[in-house]
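Have the structure open as you read.

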Amino acid sequence: MLLRQGELLEHRIITPILLSLSLLLIALPSRAQDARAVARLAPSASQLSLAAGEQVPFTVQALDLSGAIVDVPLRITGPRNAVSIENGMVQGLQPGEYEIIVTVVVPADTGLEPLSLRVPVVVTWPRASAVGVEARATLYEGTTVEHRAWVTHADNSVRPDPEIRWSSSDPSIATVDQFGNVTAQMLGTVTITASFEGVTDSVTHEVTAFPGTQIELMGSPDTGVRTGDVIHFDAMVRDDAGSVVEDAPLSWSHSYSATEGMLGVPATGQMLGGKFVADIAGIHSVTVSAGPLSARASFEVSPREVVQELEVVGHGPENRYRTTDLWIFEGTDGRDYAITGSKISGGFSFFYDVTNPALITKIDSIQVDARTINDVKASPDGRYAVLSREGATNRRDGLVILDMSDPMNPVIASFYDEGITGGVHNMFAADDYLYALANGDKYVIIDVADIYDPQYVSEYNHPDSRLHDVWVADGLAYSSEWGTGVVVVDVGNGRWGGSPENPVFVTSYATPSGATHATFPYYQESTGKTYLFLGDEIMNRRGLAWAGYPESMGSYSNRYDPSTGTGGIPLANRGYIQIIDFTDPENTQMVARYEVPEFGTHNIWVEDDKLYQAYYEGGLRVVDVSGELMGNLYTQGREISVFKPVSQTGYTQNATMVWGAQPHKGHVFFSDTNSGLWSVKL
């Protein structure tokens, strides 16, 4: 159905839907009198204890004063990255101590205070089943070689940061410290053992005389080094005959000569093998050693100096609803347009003419049967647009495809819900195919050659995983799957035999934070590298010095209520961008991050060596990502510009909450949950 701005659906009923990963276990029609009858909530267990990966049954009953069951809907949630709750089962995801919160869902506008219950949950690690250990180089007399150990569980999952106990069979031949660094004292045979929870593995060395007599350090720069530039050093060890000792163990270190005014700075640089990057300008030195040999090089690093002034160009305010995602595109008529969604609005999406970014003009609105329009997209050719749906009254959410042949007058072409009835949180639109999430379980591929008759093609569901987003580039689908990390699938690239009709798994990469919310692939022309920018979403600051606002102040999602003095507070979360070198999909590795303290990331866009990062309460942040990337981009002076939008008439007044950003024809457009659509220019 098509409605103009300001029009309403008569007799419209909006049914709430949970937006967290923890799912609604009981979903039945609710009446106010039923909610009033509930005297207490009776869980099947007063507390839960389980191992990560383990599932245990858990149910809750609503009871009246007589102990009879009351048939009402209950919302059962837990920390998104800690536990998964579905179909009467709780699965442990991340070890720690948490709470499951059970709440009676009451009808809107009844004034009822919902009854709630908290159930403690303790998630532990499963027992270790195997330990692996390896040496990084040949152990010669008088040298130190790093050893690496890892621990796996019965399901082949890897224990993060295990506390390994190291031991040497003969410390007179070789000693080992608590970090696995083995130093050879004399010739002989020695076994190094790694132990964890009674499980062990060992490696044996035959220590021989070190043949090196000279060492040469190569790669020292002469001039032109800036903070954030990655420098590649190399070293060569030779014996008496001048032959190269190929397996000589090399040890790298870095030092910094503080200049006036630079005392007390944090880490000044970072080394990874022979690679070095400076965070602070000044005189830096790199030293390489191999046994008794060493070489050193010093060089000067200048500030990066990439800051640019940001100009606020235009603003399309929206304060009735919380604005969600945006999409900017060139229409079939050659003009430029924007679409935005809205949260808990009754299904509104808004359409703007942004041809003149200084005069953002709302031209239309469409309301559909939904509680929230979380995501909006338009096809690259501008032929169609699509709206996600969550919370439809008939519980068949799906999506809505729009005919954009006349961009000034969008028309609903079709509704599609085959395989995606449980809620569509995010989508990706290509010219001929549409990729849509299905209740966080999988994504469905839809043929949209005929937008009036879309057809199911296939789907991909990664085992034992929940997903939040999907992005497609060069025939590869990158799905962001929380603790699983990014999952890469061939949906048309062909290298792995995949196609839209036959998706083929390529690889996955899990991040240490376990909260992968969004992925943006970027090919960097200057280096020939492909980077994946993986963004966290962690909607709390639990355990940090700044832990956010107390529950007594209400929620950031609610407007200020003068009768209770609660609500209308800014969001407080955490998380950062983790950057993966994906140049070789079979050999991926994390190389860098962009982490701003006290704020949390949301959606990502990378274009022309610039990262346009929506950092929620940290605002819009534009970052220089030119050249090879290593270390923390935030501390290297790579930030080009930062803007934190506020509005005195916003949904939450004077509070920043940037949702997503997109560059378009020399301007940067972004949506802010509290204040609407903005355009800026560097």
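Trp678 counts as buried because its relative accessibility is 7%, under the 20% cut-off. Keep in mind that this is a predicted model.

What does Trp678 pair with? Its partner is Phe670, and the two rings are stacked, with 6.1 Å from centre to centre and 0° between the planes. Phe670 is buried as well, since its relative accessibility is 0%.

Zooming out, the count of aromatic pairs comes to 20. Another of them joins Phe520 and Trp605, and this one is tilted: the centres are 5.4 Å apart and the planes make an angle of 45°. Phe520 belongs to strand β42 (residues 516-524) and Trp605 to strand β46 (residues 604-607), so this pair ties together parts that are 85 residues apart in sequence. Both Phe520 and Trp605 are buried.

Here are the two pairs side by side.

| Pair | Arrangement | Centre to centre | Angle between planes |
|---|---|---|---|
| Phe520 and Trp605 | tilted | 5.4 Å | 45° |
| Phe670 and Trp678 | stacked | 6.1 Å | 0° |

Now for the charges. Lys362 lies over the face of Phe350, 4.2 Å from the ring centre. Over at Tyr615, the charged end of Arg621 sits above the ring, at 5.9 Å from its centre.

Where is Asp161 found? Look in the loop between β11 (144-153) and β12 (165-168). Asp161 isn't a glycine, yet its phi is positive, near 50°. Is Asp161 buried or exposed? Asp161 counts as exposed, because its relative accessibility is 74% and the cut-off for exposed is over 50%.

Asp464 is the other one to check. This residue has a positive phi of about 50°, again without being a glycine. Asp464 lies in the loop between β37 (455-460) and β38 (469-473). With a relative accessibility of 79%, Asp464 counts as exposed.

Note on methods
Residues numbered from 1 in each chain as written. Predicted model: local features only at pLDDT ≥ 70, side-chain atom pairs only at ≥ 80, totals over all residues. Heavy atoms only, no water. Helix = DSSP H or I, 4+ residues; strand = E, 2+ residues; numbered from the N terminus. Buried < 20%, exposed > 50% of the residue type's maximum accessible area, 1.4 Å probe, protein only. Phe/Tyr/Trp six-rings, centres within 6.5 Å; stacked < 30°, edge-to-face > 60°. Lys NZ or Arg CZ within 6 Å of the ring centre and 35° of its normal.
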